[in-house]
Every structure is written in structure tokens, then in C-alpha cells.
Amino acid sequence: MEIKEPVILVVDDDKDIVGAIAKLLEMEGYKVIKAYDGLEALEKLTENSIQLILIDVMMPKLDGLSTMMKIRATENIPILVLSAKSEDTDKVLGLSMGADDYITKPYNPMELVARVRSNLRRYMQLGAIDTANKTDIIEIGGLELDTKAKSLKVDGKPVKLTATELKILELLMKNAGRIFSAEEIYSKVWNEDAYAVENTVMVHIRHIREKIEINPREPKYLKVVWGIGYKIEKI
């Protein structure tokens, strides 16, 4: 699936920051819609077809994390969190609430554009990589992943995953039995060099487990091989 002019929603109560990001993204060929608090962001989302969201954490009326939770109830589009906090605990919290990526202020413009591109590419072309000569449906036990429709069923019931979660699961299901380190998963899914990415990958793995396992503490499918990485069991 390709869209010539992807639409990005930028949400921050600082209008100067929104303006600067909008100008940067528009120079890269993206269409930008602006919002200045969480409630306005939710309104813009219902009124427009949006492919990616950049959202600040601290905002009036409805903060970024609460807004993200509401969005995740119905949408799996990429969400990139903008925050002045750089501690790992804050990053993990943002990822735990449904973010696909985390950008610390003050941001590097080139890095911001690169992360936007990476997340958009993963969302728009999910399942397009390494699918030659293979069916669009991957089945392992009660898991049924449709790489073309970007959908997952667990024991016949639809389960919502984010674009990043789907890509991670696709990688692991296509290579059932093979162990991937956190660095391998990050480099293949995010298409970026992996550095100190254990927490980021761990949070996404935990989310996937919570959605596909009957008992996430005793997983049937998604296993941790301590000190090495993660794998999907062959069933």
C-alpha cells in the first residue's frame, strides 16, 4: 500500500514546536495536520485519514499518554511520543501505553525525519518484505497472521496489534524456532542501528504476549531464551 502524500498529525501545546515540526515534515513531502491538546487530536483523527501521529506527553485538557490510550482502542497507526524526559523509565512507560517510538526533546531534525520515515514505511508496507514465494497466511498453532491484510487471529478471534507489534510477530512467525536477539529484532523491524534497545523491544514483546497468550506468564508461543533473545515456538 502506498500513499503519495502521507498525512501526519502533530500534537503539542507549544505552537512554536508544532510549527517547526510541521515545516520540517512538509519540506519532506508530508501533509501535516496540527493539534494543540489531546482532545483536539482525537477530533482531528476522526475527521481525517492519518497515517502517523507525533504527540507530546505533557498537554492541557488531555495529556499525551491518555490520548494515546484512547487512540489505541481503535487505531494501530504509528504513534511517536515527543517528550523532554529522557530517562529509560519514561521511555518504557510511553511504549507501555502504546507508543511505537520515542523522541526526546530537543530533537535532532534529521533523526526525527528518519524515525518518521521508518515508522511510516513499516506501517504502509507491512508484510511486503521477505514474502516472495510464500503464502500471505502464516499459521502456528492457534495463531493465524495475514501479512497482506495486516491482521491476526488467535484461536479464530481477531486480535488488534500495532504496526510494530505485527512486524515483530511476522518476523518471529516466519522464522519459528529461531532465536532473535533484541538487537536483531530492532534492526530488522525499525531498520535502524541497534544500541541499548533491550527495553524498547522488551516492552513490545510483552504487549504481544498479553494479546496472543492465554497466560502471558506461561507463554505457549512467544518464548524468552534468557540471555539470548526471543522466539516463536514451532507447534
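A residue counts as exposed when its relative accessible area is over 50%. In this predicted model, Lys61 has a relative accessible area of 68%, and is therefore exposed. Lys61 lies in the loop that runs between strand 3 (52–56) and helix 3 (64–72). Its backbone is worth a look too: although Lys61 is not a glycine, its phi is positive, at about 70°.

Asp155 is not a glycine either, and its phi is positive, near 55°. The residue sits in the loop between strand 8 (151–154) and strand 9 (157–159). With a relative accessibility of 53%, Asp155 counts as exposed because the cut-off is over 50%.

The peptide bond from Lys105 to Pro106 is cis, with omega near -5°. Pro106 belongs to the loop between strand 5 (101–104) and helix 5 (109–124).

Five strands form an open sheet in the order 2-1-3-4-5, and their pairing is parallel. At the edges are strand 2 (31–35) and strand 5, each of which pairs on one side only. From one strand to the next, the twist averages 20°. Within this sheet, strand 1 (residues 7–11) pairs with strand 2 in the parallel sense over five bridges.

Definitions and conventions: Residues numbered from 1 in each chain as written. Predicted model: local features only at pLDDT ≥ 70, side-chain atom pairs only at ≥ 80, totals over all residues. Heavy atoms only, no water. Helix = DSSP H or I, 4+ residues; strand = E, 2+ residues; numbered from the N terminus. Buried < 20%, exposed > 50% of the residue type's maximum accessible area, 1.4 Å probe, protein only. Pairing = 2+ DSSP bridges. Axes fitted to C-alpha atoms, helices over the stretch in contact; angles between N-to-C directions.
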